[in-house]
Amino acid sequence: MNSVIQNAKRLIVKVGSSLVTNDGKGLDSAAIAKWAAQIAQLRQLGKEVVLVSSGAIAEGMQRLGFDRRPTGVHELQACAAVGQMGLAQIYESSFREHRLRTAQVLLTHADLADRERYLNARSTLFTLLRLGVVPIINENDTVVTDEIKFGDNDTLGALVANLIEGDALIILTDQNGLYTADPRKNPAAQFVHQAEAGDPALEEMAGGAGSSIGRGGMLTKILAAKRAASSGAHTVIAWGREDQVLTRLAAGEAIGTQLNAPTARLTARQQWMRDHLHTAGKVMLDSGAVQKLTADGKSLLPVGVVKVSGKFGRGDVITCTDPDGRPVARGISNYASSEARRIMGHPSAEIAGILGFEEEPELIHRDNLVLL
Ligand SMILES: Nc1ncnc2c1ncn2[C@@H]1O[C@H](COP(=O)(O)OP(=O)(O)O)[C@@H](O)[C@H]1O
Ligand SMILES: N[C@@H](CCC(=O)OP(=O)(O)O)C(=O)O
């Protein structure tokens with residue numbers, strides 16, 4: 001038995017190109033229908049699921065009649081643009097069978113490196129989940145070149161896990177999981193059931209892609225697990241065609257390779273905020289808001305702010321002080337200082353009326369806040 005996926009509330013499921021396109025032969029609608037049915041069941045169990053799907057280039061190659069992966073960057077980008085239409089269509093129709101809506105989210109590395117775009121992506125994904133939609137994420141291959149790419153969707157899956165503080169990342173691939181060596185080349189390779197994410201020994205075992213369809217191979221999956229672990233997410237690498245793989249994992253069955261996150265959830269993120277030696281701005285809270293933050297574990301609402309100092313933008317880390325000016329917390333602001341000055345002291349229901357828009361009801365969401 002294994003409870004990591006069973007206990008997970010928010011899951012990121014990544015499916016690789018070779019699985020999605022049946023080794024490049026075209027979109028595998030039967031396999032996709034099975035994952036959609038399983039994801040629908042996970043949602044009924046109260047889990048939130050985000051799907052990261054590869055396969056745009058492989059499907060585009062098939063549609064455009066390339067029998068080998070083109071070497072020219074613009075041909076690859078053209079393939080991705082054509083293939084992504086196929087992915088969007090098939091996911092939309094497969095999930096519709098279960099009365100679930102899908103949303104296409106195409107991201108680039110630049111989107112996640114920029115704090116404001118990062119926060120926008122995060123808010124949009126949370127909103128989609130709250131609305132009961134299954135987001136389908138891929139890299140926006142049409143606009144990125146090699147130097148600025150995530151490069152592979154294992155990495156993208158891990159970054160999405162960090163972005164939305166997923167509890168677990170499930171990487172579905174064409175092998176049962178991690179072996180001590182590439183099983184395609186070494187039939188004596190032993191299966192690894194469990195290990196600690198980030199253990200350097202795993203990187204020695206993992207090789208590159210076994211087929212011409214997949215990109216990253218096992219190494220990028222191991223590195224993705226290490227990356228996801230920094231925000232506390234555990235990773236499972238499993239065979240995507242295993243019968244009922246997702247629902248069985250959710251029922252607590254041990255399938256595939258489990259890479260456990262050694263750090264507690266949010267530690268890395270809290271660490272990142274704590275590590276800010278200087279912040280661009282400060283907000284002074286009334287004593288009620290101090291109580292909400294420090295004793296009740298709540299978010300900071302604009303209504304509890306009495307003074308805003310400094311100049312900061314949406315997404316900057318700011319310091320919260322008590323009425324005597326003593327720092328009590330640090331966190332990421334959802335509003336720029338000019339906006340915060342206008343909404344401080346007001347209930348969140350008035351934000352839209354004052355600013356003409358509302359980003360979030362909180363000035364600092366609890367997930368983006370660390371007590372000092
Ligand atoms: N130690 C290993 N254990 C399992 N698979 C490995 C290992 N090293 C390399 N591989 C290769 O990694 C491949 C999976 O990666 P990849 O082809 O990129 O798949 P995906 O499209 O699912 O991302 C496997 O087919 C396998 O040949
Ligand atoms: N964005 C690319 C994904 C490339 C990729 O990482 O593929 P894979 O190693 O199969 O997950 C596509 O959709 O073709």
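**Chatting through the model**

Q: Leaving aside its neighbours within four places in sequence, which residues is Asp 141 in contact with?
A: Asp 141 is in contact with Ala 56, Ile 57, Gln 77 and Ala 80. Contact here means that the two C-beta atoms, placed from the backbone, lie within 7 Å. This is a predicted model, where local features need pLDDT of at least 70 and side-chain atom pairs count only at pLDDT 80 or more, while totals for chains, interfaces and linings use all residues. Residues are numbered from 1 along each chain as its sequence is written, and chains are lettered from A and ligands numbered from 1 in the order in which they are written.

Q: Is Asp 141 buried or exposed?
A: Asp 141 is buried, because 24 other C-beta atoms lie within 10 Å. The rule is that 20 or more other C-beta atoms within 10 Å of a residue's own make it buried, 12 or fewer make it exposed, and anything in between is partly exposed, with C-beta atoms placed from the backbone.

Q: And where is Asp 141 found?
A: Asp 141 is in the loop between strand S4 (134–139) and helix H8 (153–163). Helices (H or I, at least four residues) and strands (E, at least two) are DSSP runs, numbered from the N terminus.

Q: Which residues does the UniProt annotation "binding site" that includes Asp 141 cover?
A: That annotation, from an unreviewed UniProt entry, covers Ser 54, Asp 141 and Asn 153. These residues span 100 residues in sequence, but no two of their C-alpha atoms are more than 11.0 Å apart, so they gather at one spot. UniProt positions follow the numbering used here, feature names are shortened, and annotations may be inferred rather than shown by experiment.

Q: OK, Asn 153 next. What does Asn 153 touch, not counting residues up to four places away in sequence?
A: Asn 153 touches Lys 14, Val 52, Ser 54, Asn 138 and Glu 139. Asn 153 is found in helix H8, and it is buried, with 27 other C-beta atoms within 10 Å.

Q: How many residues of H8 are buried?
A: H8 is mostly covered, with 11 of its 11 residues buried. Among them are Asp 154, Gly 157 and Leu 163. After H8 comes Glu 165, whose phi is positive, near 50 degrees.

Q: You've mentioned Lys 14. Which residues share its UniProt "binding site" annotation?
A: The unreviewed entry puts Lys 14, Thr 173 and Asp 174 under that annotation. They are spread over 161 residues of sequence but cluster in space, with a largest C-alpha distance of 12.1 Å. Lys 14 is found in strand S1 and counts as buried, with 30 C-beta neighbours inside 10 Å. Thr 173 lies in strand S5, and Thr 173 is buried too, with 27 other C-beta atoms within 10 Å.

Q: New topic: which residues come nearest to ligand 2?
A: Of the 16 residues around ligand 2, Gly 16, Ser 17, Ser 54, Ala 56 and Ile 57 come nearest. A residue counts as near if its C-beta atom, placed from the backbone, lies within 6 Å of the molecule or strand in question.

Q: What gives the most to the shell around ligand 2?
A: H4 does, with three residues. Helix H4 (56–64) and S4 each supply at least two residues of that shell.

Q: Now the strands. In what order do the eight strands of the open sheet come?
A: The order is S3-S4-S2-S1-S5-S7-S8-S6, with mixed pairing. Two strands pair if DSSP finds at least two bridges between them. Strand S3 (102–107) and strand S6 (194–196) are the edge strands, each pairing on one side only.

Q: How many bridges join S1 to S5?
A: Five bridges join strand S1 (residues 10–15) to strand S5 (residues 168–173), and the two run parallel. Ile 12 stands opposite Leu 169 in S5.

Q: Which strands does H8 lie across?
A: H8 lies across S1, S2, S3, S4 and S5, running at about 170 degrees to S1. For such angles, axes are lines fitted to C-alpha atoms, for helices over the stretch in contact, and values run from 0 to 180 degrees between N-to-C directions.

Q: Last one: what is the order of the open sheet with five strands?
A: That order is S10-S9-S11-S12-S13, and the pairing is mixed. Strand S10 (305–310) and strand S13 (369–371) stand at the edges with a single partner strand each, so one side of each is left without a neighbour in the sheet.
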